[in-house]
Amino acid sequence: MTAPVSRPASAPAPPAARLPLTKAARQAKVSDLITRGTVHSQSDLAEQLMESGLSVTQATLSRDLAELGAFKVRGAEGLVYALPPSAPSNGSASSGAASGPLLVRRLAELLVSAEAAGSMVVLRTPPGGAHLLASGIDGAEMPEVAGTLAGDDTVLLVCRREVSGRSRSGDAVAAALAARLLATAQRTG
């Protein structure tokens, strides 16, 4: 069990939590800290979470790390935590195909149709499949997708106009994305 960190009276209190206090939000923050920074130990991770406004116990961190599949690797700065490559985080979707094996599989299994609607894309799935497809898209971290919204059989993708420093109309981004997702589904389906 991690002992609470004592602070001198003059030290400022940690910032208020800006994240919802849910397991999913906490694990997303843990994943982000591991992939974007250097985390040497659970106490290091707890400290970084505290700086983000989240206070967690060592037992909770252990469970989160196990559920995320975190493991230690030797990096330039010694042993650090890493995550398995199951959800690509390098934004490699701009290469022409939808990225990530999970997303490619879910597109082949679940995508019924894709339609550009202004600067958004509407994806249709069989009933109950929208959240699975949206999760695959979120995990692929496609640079042109600002966010997803999933219902029962429909996923709404909100597109960015500027991708990799290049600005295009929202309509053009959405049309290209819809065509790319359909092509990926048809190639693998």
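Mentor: Welcome! Helices (H or I, at least four residues) and strands (E, at least two) are DSSP runs, numbered from the N terminus. Please also keep in mind that this is a predicted model.

Trainee: Thanks! What pattern does the protein chain follow when read along the sequence?

Mentor: Along the sequence, the order is α-α-α-β-β-α-β-β-α-β-β-β-β-α. In total, the protein chain has six helices and eight strands.

Trainee: Let's turn to the strands. How do I read a sheet?

Mentor: The general idea is that strands of a sheet pair through backbone hydrogen bonds, either parallel or antiparallel. Here, four strands make an open sheet, and its order is β3-β4-β6-β5, with antiparallel pairing. At the edges are β3 (113–117) and β5 (145–150), each of which pairs on one side only. On average, neighbouring strands of this sheet are turned by 20 degrees against each other, direction ignored.

Trainee: How many bridges join β3 to β4?

Mentor: There are five bridges between β3 and β4, and these two strands run antiparallel. As a place to look, find S113, which stands opposite R124 in β4. The hairpin of β3 and β4 has two residues between the strands, and G118 in this hairpin has a positive phi near 70 degrees.

Trainee: And which residues of β6 are the bridge partners of M120 and L123?

Mentor: V158 is the partner of M120, while V155 is the partner of L123. Strand β4 (residues 120–124) and strand β6 (residues 154–159) are antiparallel and joined by five bridges.

Trainee: Which strands does helix α5 lie across?

Mentor: Helix α5 (residues 130–140) lies across β4, β5 and β6, and runs at about 165 degrees to β5. In the loop between α5 and β5 you will find E141. The phi of E141 is near 45 degrees, a positive value in a residue other than glycine.

Trainee: Is E141 buried, partly exposed or exposed?

Mentor: E141 counts as partly exposed, with a relative accessibility of 35%.

Trainee: Now for helix packing. How do α4 and α5 sit against each other?

Mentor: Start with the angle between the axes, where values over 145 degrees count as roughly antiparallel. Helix α4 (residues 101–110) packs with α5 at about 155 degrees, their axes 9 Å apart. That angle makes α4 roughly antiparallel to α5. Their crossing is left-handed. On the α4 side, the contact is made by L103, R106, L107 and L110, and α5 brings L132, L133, S135, G136, I137 and A140. Sorted by class, this contact of α4 with α5 has seven nonpolar, two polar and one charged residues.

Trainee: How are α1 and α2 arranged?

Mentor: For this pair you need another range: angles of 65 to 115 degrees count as roughly perpendicular. Helix α1 (residues 23–36) and α2 pack at about 115 degrees, and their axes are 11 Å apart. Therefore α1 and α2 are roughly perpendicular to each other. The crossing of α1 and α2 is right-handed. K29, V30 and L33 of α1 meet L45, Q48 and L49 of α2. By class, that contact of α1 with α2 divides into four nonpolar residues, one polar and one charged.

Trainee: What else is Q48 in contact with, and is Q48 buried or exposed?

Mentor: Q48 belongs to helix α2 (residues 42–51). With a relative accessible area of 16%, Q48 is buried. Setting aside neighbours within four places in sequence, Q48 is in contact with L33, T38 and V39.

Methods:
Residues are numbered from 1 along each chain as its sequence is written. This is a predicted model: local features need pLDDT of at least 70, side-chain atom pairs count only at pLDDT 80 or more; totals for chains, interfaces and linings use all residues. Side-chain values use heavy atoms; hydrogens and water are left out. Two strands pair if DSSP finds at least two bridges between them. Axes are lines fitted to C-alpha atoms, for helices over the stretch in contact, and angles run from 0 to 180 degrees between N-to-C directions. Contact means heavy atoms within 4.5 Å. Angles under 35 degrees count as roughly parallel, over 145 as roughly antiparallel, 65 to 115 as roughly perpendicular and the rest as oblique. A crossing is left-handed if the near helix is turned anticlockwise from the far one by less than a right angle, and right-handed if clockwise. Ala, Val, Leu, Ile, Met, Phe, Trp, Tyr, Cys and Pro count as nonpolar, Asp, Glu, Lys and Arg as charged, and the others, Gly among them, as polar. Buried means under 20% relative accessible area, exposed over 50%, partly exposed in between (1.4 Å probe, protein chains only).
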